[in-house]
Amino acid sequence: MKIIILGPPGAGKGTQAEIISKKYGIPHLSVGEIFRENIRRRTELGLKVQKYVESGELVPDEIVIKLTIRKLMESYGTFGGYILDGYPRTLKQAEVLDKSEVAPEIILSIKVSEDECVRRLSNRRYCTKCGATYNLIFKPPKKDEICDLCGVKLIQREDDKEEVIRNRFREYYLKTKPVLQYYRRTGKLFEINGEGTIDEVTHRIIEVLKSIRTQNL
Ligand code: AP5
Ligand code: MG
């Protein structure tokens, strides 16, 4: 399966992609996560993208496209599928991906209101050691702000500050909404109601994936 998961900031893309990846044994690729990891390690790529990621702007296509297609080819070559989270976010990214050998078959669009996304983002915390994501309200760690897996103190993402969240939404409406329109015309887009608990959303996604598989039998 070659699956893309799109949606506004905080919609639950990463949370759901992780669950689907484990359930179906396909690798989860998150472009945002690759950037954050490189920023943490202060690599050449990290230094190049830091100012965009931390201010909530999209990283320029010239940097994102080559990197993502290369990572997808590696994943696809090894595992025969992928679930890609947060890409494409511009029409250019979508067009290049669709012409590549790793063009997606299924696009899941998670729909959540902006108010709910902001509520989720302001309570999100993550572990710098293993990358696990928590939510102080909806998915709290067992011990106050400590990672269940590593025992490390959880932190807030640089771009989860209020003014940066606003920028991320601006970018989403301006540049990524047209991508949904583009995929709607291909018949590969499936809209998922992303409100409700994490389990409820997962259930809706699995139902959609099952129905697509049945149709293709
Ligand atoms: P990225 O890391 O992809 O950020 P994003 O799109 O803003 O999305 P998030 O990761 O914030 O949210 P999510 O939808 O994954 O939600 P999550 O599952 O964590 O990108 C970061 C930056 O990198 C961009 O701003 C840009 O600069 C750059 N970038 C990345 N891709 C790019 C591209 N293609 N082109 C150019 N630049 C790019 O959930 C959020 C919180 O809610 C968590 O705490 C979670 O526990 C909780 N939660 C999840 N589901 C539920 C639920 N159902 N109920 C209650 N809580 C829930
Ligand atoms: Mg994410």
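Predicted model: local features only at pLDDT ≥ 70, side-chain atom pairs only at ≥ 80, totals over all residues.
**Entry 1: the shell around ligand 1**

I first looked up which elements build the shell. Helix 1 (13–24), helix 2 (31–40), helix 3 (44–55), helix 6, strand 6 and helix 8 (198–216) each give at least two residues. Helix 2 makes the largest contribution, with four residues. I then sorted the shell by residue type and got 16 nonpolar, eleven polar and nine charged residues.

**Entry 2: who comes nearest**

Which of the 36 residues around ligand 1 come nearest? I found Thr15, Glu57, Arg89, Arg124 and Arg168.

**Entry 3: contacts with ligand oxygens**

I went through some polar contacts next. For Arg168, a polar side-chain atom sits 2.5 Å from an oxygen atom of ligand 1. Gly14 uses a polar backbone atom, 2.9 Å from a ligand oxygen. Ala11 also takes part through its backbone, with an N or O atom 3.2 Å from an oxygen atom of ligand 1. I checked the cover as well: on its own, ligand 1 has 1000 Å² of accessible area, and the protein covers 98% of it.

**Entry 4: helix 6**

I came back to helix 6, one of the shell's contributors, which spans residues 114–122. Its buried residues are Glu116, Cys117, Arg120 and Leu121. Looking down the axis of helix 6, I see them fall within an arc of 135°, so they line one face of the helix. And what covers them? I noted strand 5 (124–126), strand 6 (133–135) and helix 7 (162–184) among the elements that cover these buried residues.

Technical notes: Residues numbered from 1 in each chain as written. Chains lettered and ligands numbered in written order. Heavy atoms only, no water. Buried < 20%, exposed > 50% of the residue type's maximum accessible area, 1.4 Å probe, protein only. Arc of directions from axis to C-beta. Contact = heavy atoms within 4.5 Å. Near = heavy atom within 4 Å. Polar contact = N/O pair within 3.5 Å; in protein donor to acceptor, adjacent residues only side chain to side chain. Areas by Shrake-Rupley, 256 points an atom, 1.4 Å probe, with all protein chains shown as cover. Nonpolar A, V, L, I, M, F, W, Y, C, P; charged D, E, K, R; others polar.
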